[in-house]
Amino acid sequence: MTSDLAGLLFLAVFALLIPGAALAIPALIAPKGTVDLTPYESGMKPVGSARLRFSVKFYLVSLLFIIFDVEVIYLYPWAIRLRDLGWPGFFEVVMFVVILGVGYLFILKKRALDWD
Amino acid sequence: MAVAIPHREELMLNMGPHHPSTHGVLRFILHTDGEVMRKAVPDVGYLHRGIEKIAERQPFAGFVPFTDRVNYLEAIFANQAYALAVERLAGIQVPPRAEYLRVIAAELNRIASHQISIGSVSMDIGAYTPFLYLLREREKINDLFEALCGQRLTFNYLRLGGVAFDVKDEWLRRLEAFLDHFEPAIDEFNSLISANEIFVKRLAHVAPISAADAVGYGLVGPNLRASGVDWDLRRDQPYGIYPELEFDVPVGRGIRGEVGDCYDRFWLRVEEMRQSCRLLRQAVAKLPAGDVCAKVLRKLKLPAGEAYGCVEGARGELGFYVVTDGTDKPYRVKIRSGSFAALSIIEHLSRGLMIADLVAVIATLDVLAPEMDR
Amino acid sequence: MQLLAERIATWLGMEGLPRQAVVAGVVLVVALVVATVVLTIAGILTWAERRVAGRTQSRVGPNRVGPLGFLQWVADGIKLITKEDVIPAAADRTLFRLAPYPVIVGIFAAFASVPFGQKLIAADLNVGVLYLMAITSLVVVGVLMAGWASNNKWALLGGVRSAAQIVSYEVPSVLAALSVVLLAGTLSLQGIIGKQGGWPWEWYLFYNPFTFVAFFLFFTSAVAEGNRTPFDLPEAESELVAGYNVEYSGMRFAGFFLGEFANVYLLSAIATALFFGGWQIPGVTPDMQAASPVWQAVGVGLFALKAGTGAFVVLWLRWTMPRLRVDQLMGLCYRYLLPLSFAMLLGNAAYVWLVPQWAAWVVQGATTTVGLAVAGVFVRRVFYHIRHVGDDVSLDLARGESGTFDPQLQVRVYGAFRRRHAGDSAS
């Protein structure tokens, strides 16, 4: 198991090398400096920078994601041991989901999912 | 154009002139808060060719090919509107066969233009395939036009006093075969996309234009009718032989959302294609024999005067206002086109829309840059 | 992998070498093989996509390079490799250069634990499902990096859209996979496949109505995570031009591009392993398969077929569907898929506890029948429409009977045009 993971780590490293090699070839043979380097903005000179604060909607989405995803991770051990944990385990999870469901309803009520 | 320094949390970006869904070269300056728009300001003039000025240097007949370039998707209508204005000034009587051929050419052109229009609606919504199905059909119209006048896009088919070429029965049979094929093809298109749930959700209830707004901003043609205003120049201000033909004028009913929303504007054009097919069949059936062009002096000199000729184009009223001063050239020509009015309402509509909605609005208003800039 | 390393070391007669060295060497070889496989699959899919698009849109598609244009992807690769690697002046150069790596590494490393066959798997992890879900999330890092580093507003919008979308749809897809884990009692993909069988009624897809729902949840959210139509908002051509990769060119662009297509295959492969019985052959037990190399090969072929069909469906969707709007996309996830996936999960758990074995068999049979019936009706409709379109083509003006295309006619018209023109200049 550990060595399998170690192997995967190796694999990830090699996976890094392969695009690296693929990118090294154009560095040798591809032309350079043939194009205009201004950012593309539909053919106009860009107004201001693209480095700016962004709509809060997207942050809200990522916050929601964290809530739900963390819960999902808690469910994994239960799912594997479902048959050993039996009814008590099942009801614990139901409680867990119900508590989260209350939070979900709160989000809906707060209209956190509406865009306008 | 003055560029205001954007508000701090406001993302200001240029959509166009080089952007896939600004048809032609057209620019919008978007002020957005993330995905939601504060406003979209159109900026015109990237395709200005000075056609109105060119008219002042051309003999009356010599300007006809230039009218093709006003809007490359509806060349026949521009031909016809200009011809109407000059014929009115010169008192030319167009022979009946030519009138029928004008209707045939115009309605074919209307179908071709609507095909591009509704096809690009579906393409801008993200469904690429229906667009190509319509282009496939449009190729056949182009073939027909090529056989008719040797051109596939800038037809230059109309002449002052009539049309350039007569048609053979063979061509009319081909036209009928095309109609037999195309009417089911509209159903095919509808089954591909019109009823698609995502497509409907993207268009219904988006950017509705009230009848008052539509009239106030001077919208014409399908955009006006989609808002529930029953106004069609072919019926209400008749020209040519349209009074002799039977057709319905579809009006926006809010079939999927509310009256005047994007879906209505889309659907109206689908319906108009059917009406055009109806008109074409009638025109083919009734086509009289005779001359196709009245005798018009080669060097036409018109007395001082002015006239306005307008037709119901694919993008609504397309009008040529011609002023003469007794020479063989117009003194001034002013073109009134539907796209310009349609563009002007976008800033009003844009507040609170999303970027993706703006694309739908541009596509369904059928804004075309060359017609706007001339 | 360690086992494999030792076996290979023995086979090569190299027991003497330090074990770490052998393991490293084997991993290198495995990595190269996996990389080749991934690149080939992704490349072939780019070709397949264009052929499918061509067929869908009543045209031909690429057909010049190789038979049926099959080598088109190689030609495209060579073209991309000779293209300039443009880095915009305003970009954050380091981030811009690094951005394709997380995408590629995420997808490559995920392929290492895809069970292509009973023995054809680079690393059979006992936390396989979790590993896949975790490692594919690396993609979002790369996409966000690309969007931010480009210093381009379209790219920024695309990157942020993509991040929001991928993380949101992560939840339903993980929950859908969880429902299978719950039934199998293991996270290992080989273990999950081992619990299923070759026949359709032995698949988890038809195990009970809840898993049937789980599959659709998984497929929908996996397509959304892969940024494919109808959820291709991050790249939405008509809105964001090309989204997060608008500034990328040459091989760096190819990195994102191959990543996207490899992801299409990956999602189909995971769906195959979780719901469609993986490499199981109907009527052949895993033991029989283990004993015979022929059955092994058949198993691998069957897996490739199932995953390929899934990939085809994803490509098909792309050329059929319009695109959702960003609020509709988020609404779909948080309003419908999320509650549905929780309900499905609890339903599944309760099903395991409540339904006795004989009833489970009945349900399994019923689900299979209904599922196959629906699939049959769908396929029939598809073929009906294909036939219908075939009828339509005969109406073609150029070929059909009703309006034979007549080149003479055009010649006559052109003749008339020329005569008239000549008359004009004469007079």
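In the predicted model, 71% of the contacts in chain B between residues at least 6 apart in sequence join residues at least 24 apart. Chain B contains 15 helices and eight strands, and its radius of gyration of 21 Å is close to the 21 Å that the globule rule gives for 374 residues, so the chain is as compact as a globular protein of that length. The C-alpha trace of chain B spans about 65 × 45 × 35 Å along its principal axes, and 55% of the 374 residues of this chain count as buried.

Three strands of chain B form an open sheet with antiparallel pairing, in the order β1-β2-β3. The edge strands, each of which pairs on one side only, are β1 (11-15) and β3 (36-43) of chain B, and neighbouring strands of the sheet are turned by 20 degrees against each other on average, direction ignored. Between β1(B) and β2(B), which spans residues 27-33, five bridges are found, and these two strands run antiparallel; within this part of the sheet, N14(B) stands opposite I29(B) in β2(B).

The contact between the two chains takes 41 residues from chain B and 32 residues from chain C. On the side of chain C that touches chain B, at least two residues each are supplied by α11 (237-240), α15 (326-354) and α17 (407-426) of chain C, with α17(C) providing the largest share, six residues. Classified by type, this side of chain C has 15 nonpolar, 10 polar and seven charged residues.

Key: Residues numbered from 1 in each chain as written. Chains lettered and ligands numbered in written order. Predicted model: local features only at pLDDT ≥ 70, side-chain atom pairs only at ≥ 80, totals over all residues. Pairing = 2+ DSSP bridges. Helix = DSSP H or I, 4+ residues; strand = E, 2+ residues; numbered from the N terminus. Axes fitted to C-alpha atoms, helices over the stretch in contact; angles between N-to-C directions. Contact = placed C-beta atoms within 7 Å. Nonpolar A, V, L, I, M, F, W, Y, C, P; charged D, E, K, R; others polar. Rg over C-alpha atoms; globule rule 2.2 N^0.38 Å. Buried ≥ 20, exposed ≤ 12 C-beta atoms within 10 Å, placed from the backbone.
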